[in-house]
Amino acid sequence: MTSLSVWLAIAGVDRDNSLCLYPDLFGKTVPFNGAQFLGSGFCLPKPMRPDTHDGHLFVFSTDILHGSQVNVSEKTRIALTTRIDPGTPTFSKD
């Protein structure tokens with residue numbers, strides 16, 4: 001079973017500055033460096049941005065590539081994130 005990410009929008013959150021999801025890459029191999037960040041030269045598709053606003057709770061599978069972009073809006077964005085993992089985590093032997 002996969003783990004779940006939990007993203008709670010506290011203040012200053014709207015569709016333009018919320019998290020980014022890349023569901024088109026689900027199940028596909030993407031290059032990454034040793035720190036679990038994307039490798040250089042890989043172009044991401046346009047992200048899906050959930051319509052989240054202050055007070056919204058968004059839960060999604062950690063198997064979906066996700067992240068957030070630098071907040072360039074006029075608002076300070078405050079959000080809390082955590083992960084729920086019902087099983088034993090596994091890691092790459094590399």
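Begin by selecting Leu8, which stands opposite Leu80 in β5; on its other pairing, Leu8 stands opposite Leu57 in β3. Before going further, note that this is a predicted model, in which local features need pLDDT of at least 70 and side-chain atom pairs count only at pLDDT 80 or more, while totals for chains, interfaces and linings use all residues. Residues are numbered from 1 along each chain as its sequence is written, and side-chain values use heavy atoms, with hydrogens and water left out.

**The sheet**

Together the three strands form an open sheet in the order β3-β1-β5, with antiparallel pairing. The edge strands are β3 and β5, each of which pairs on one side only. From one strand to the next the twist averages 20°, where axes are lines fitted to C-alpha atoms and angles run from 0 to 180 degrees between N-to-C directions.

**The second largest pocket**

Now select Ser5, Val6, Trp7, Leu19, Phe60, His66, Gly67, Ser68, Thr81, Thr82 and Arg83, which line the second largest pocket. A pocket is an open set of points on a 1 Å grid over the protein atoms alone, where a 1.4 Å probe fits, with protein on both sides within 12 Å along at least five of seven lines, and lining residues have an atom within 4 Å of a point. The volume of this pocket is about 160 Å³, taken as the space filled by probe spheres set on the points, which are joined across faces, edges and corners.

**The whole chain**

Finally, zoom out to the protein chain, which has zero helices and five strands and whose C-alpha atoms fill a box of roughly 40 × 35 × 20 Å along the principal axes. Buried residues (under 20% relative accessible area, 1.4 Å probe, protein chains only) make up 26% of the 94 residues.

Conventions: Pairing = 2+ DSSP bridges. Helix = DSSP H or I, 4+ residues; strand = E, 2+ residues; numbered from the N terminus. Buried < 20%, exposed > 50% of the residue type's maximum accessible area, 1.4 Å probe, protein only.
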